[in-house]
Amino acid sequence: MAAQNGLWDTIVIGAGIQGCFTAYHLASHGKTVLLLEQFFLPHSRGSSHGQSRIIRKAYAEDFYAHMMDECYRIWAQLEHEAGTQLYRQTGLLLLGMKENPELKTIQATLSRQRVEHQCLSSEELKQRFPNIRMSRGEVGLLEMCGGVLYADKALRALQGVVRQRGGTVRDGEKVIEIKPGLPVLVKTTSRSYRAKSLVITAGPWTNRLLGPLGLELPLQTLRVNVYYWQEKVAGSYGASQAFPCFLGLDLAPQHIYGLPAGEYPGLMKVCYHHGNSADPEERDGPTACSDSQDIRILRGFVRDHLPDLKPEPSVMECCMYTNTPDRHFVLDRHPMYDNIVIGAGFSGHGFKLSPVVGKILCELSMKVTPSYDLTPFRISRFSGLGKAHL
């Protein structure tokens with residue numbers, strides 16, 4: 001649907017998963033929406049590319065577990081609209097010591113939210129998953145509806161449905177200036193656009209757009225490596241063998257997570273939920289691969305706990321995280337311009353939640369009452385840190 005008299009209802013900057021779901025919801029409401037992307041699609045410069053992501057309800061926070069109920073429904077709706085499978089249920093296995101406080105909190109949250117799960121003793125863990133070796137008496141928490149989202153496939157499907165619903169997607173147009181006001185003016189490398197409202201979902205480039213608007217958020221941009229490890233016997237850790245996604249809570253200073261082999265035949269994705277500070281413009285520079293500590297931790301983990309994998313990675317890819325200090329998102333309006341909405345700081349766990357994040361950003365831009373309590377996501381929570389300022 002084209003803008004009327006050159007005026008769009010909403011412009012969304014950034015065609016990653018959060019921006020695409022925002023445009024999806026806006027188009028569903030009959031809004032004229034323009035989705036702008038600085039790179040040519042598809043690309044691997046941000047946070048939404050790659051073949052897979054974990055989907056789960058296993059969170060310590062009730063508000064995320066609650067949001068995930070609707071996320072599963074919208075993912076299923078998108079699968080139906082796009083006519084392609086985007087989710088595979090494998091279960092999610094959390095591994096940790098029995099007394100681990102995070103494990104206890106997650107179990108309590110799952111119980112409160114009535115999410116189907118099983119607690120596995122050390123002995124049950126060994127019997128159920130003999131190709132995971134645990135040495136310190138770890139226990140397991142198995143969340144049944146956890147699984148894999150096919151990320152690249154989901155992004156392509158979503159962009160297609162946005163277009164089908166009347167949205168306009170323009171790639172290869174970098175935003176070089178935003179002039180607040182009614183309407184807001186957005187200038188790109190190609191042309192200028194006007195809109196009643198603006199949504200910024202620019203990932204690691206967020207503060208570059210917000211700086212000229214008088215706002216700096218406490219966002220840290222990280223380059224995170226993603227590793228794939230070869231099975232010694234094909235299928236050992238495959239989803240077809242009912243091997244689950246897993247999340248290790250006590251196995252390293254940060255979480256280690258894995259997804260069953262599938263996207264690359266015979267290769268299992270095992271990664272460290274950690275990265276090093278990086279400028280998104282120089283992500284692939286000569287110093288970008290100096291993550292020796294992370295790879296050393298993963299090699300040791302694979303050698304000790306996944307004996308049917310070769311303890312040397314076969315493939316390495318990378319992606320960007322944009323972290324907030326508390327690892328919770330920013331979903332809010334600009335403090336000075338209420339027709340500019342910001343979605344940022346997804347901290348490496350936002351992909352699965354993007355259907356509801358997009359709905360919230362849509363509601364904020366339309367100035368209707370949000371469907372969820374946004375207290376955990378307000379910009380004002382950072383005021384005590386002295387890092388976010390106008």
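**Entry 1: the second largest pocket.** I started here, keeping in mind that this is a predicted model. I counted 16 residues in the lining of the second largest pocket, and those nearest its centre are Val-148, Tyr-150, Ala-261, Gly-262 and Glu-263. The space inside comes to about 230 Å³.

Next I asked which element gives the most to this lining. The answer is β15, with five residues. I noted that β15 spans 256–264, and that β8 and α5 also supply at least two residues each.

I then sorted the lining by class and found seven nonpolar, four polar and five charged residues.

**Entry 2: the domains.** I looked up how the chain is divided. Domain 1 takes in 8–48 + 152–218 + 326–381, while domain 2 takes in 92–144 + 220–323. Taken over C-alpha atoms, the centres of domain 1 and domain 2 are 30 Å apart. Back at the second largest pocket, I saw that domain 1 and domain 2 each provide at least three residues of the lining.

**Entry 3: the sheet.** β8 had already come up as a supplier of pocket lining, and I wanted to see its surroundings. I found an open sheet of three strands in the order β3-β8-β4, with antiparallel pairing. From one strand to the next, the twist averages 25°.

β8 covers residues 147–150, and four bridges join it to β3 in an antiparallel run. Across from Ile-54 I found Val-148 of β8, and Val-148 is also among the residues nearest the centre of the second largest pocket.

**Entry 4: helices on the sheet.** Helix α2, residues 62–82, lies across β3, β4 and β8, and runs at about 135° to β3. Helix α5, residues 151–164, packs on the sheet too, touching β3 and β8, and its direction makes about 50° with that of β8.

**Entry 5: two backbone details.** The peptide bond from Leu-182 to Pro-183 is cis, with omega near 0°. I placed Pro-183 in the loop between β10 (175–179) and β11 (184–188).

The other one is Arg-327, a residue other than glycine with a positive phi, near 65°. I found Arg-327 in the loop that runs between β18 (309–323) and β19 (330–333).

Notes
Residues are numbered from 1 along each chain as its sequence is written. This is a predicted model: local features need pLDDT of at least 70, side-chain atom pairs count only at pLDDT 80 or more; totals for chains, interfaces and linings use all residues. Side-chain values use heavy atoms; hydrogens and water are left out. Two strands pair if DSSP finds at least two bridges between them. Axes are lines fitted to C-alpha atoms, for helices over the stretch in contact, and angles run from 0 to 180 degrees between N-to-C directions. Contact means heavy atoms within 4.5 Å. Domain bounds come from an automatic or database domain assignment. On a 1 Å grid over the protein atoms alone, a cavity is a set of points where a 1.4 Å probe fits but cannot get out, and a pocket is an open set with protein on both sides within 12 Å along at least five of seven lines; lining residues have an atom within 4 Å of a point. Grid points are joined across faces, edges and corners, and a volume is the space filled by probe spheres set on the points. Ala, Val, Leu, Ile, Met, Phe, Trp, Tyr, Cys and Pro count as nonpolar, Asp, Glu, Lys and Arg as charged, and the others, Gly among them, as polar.
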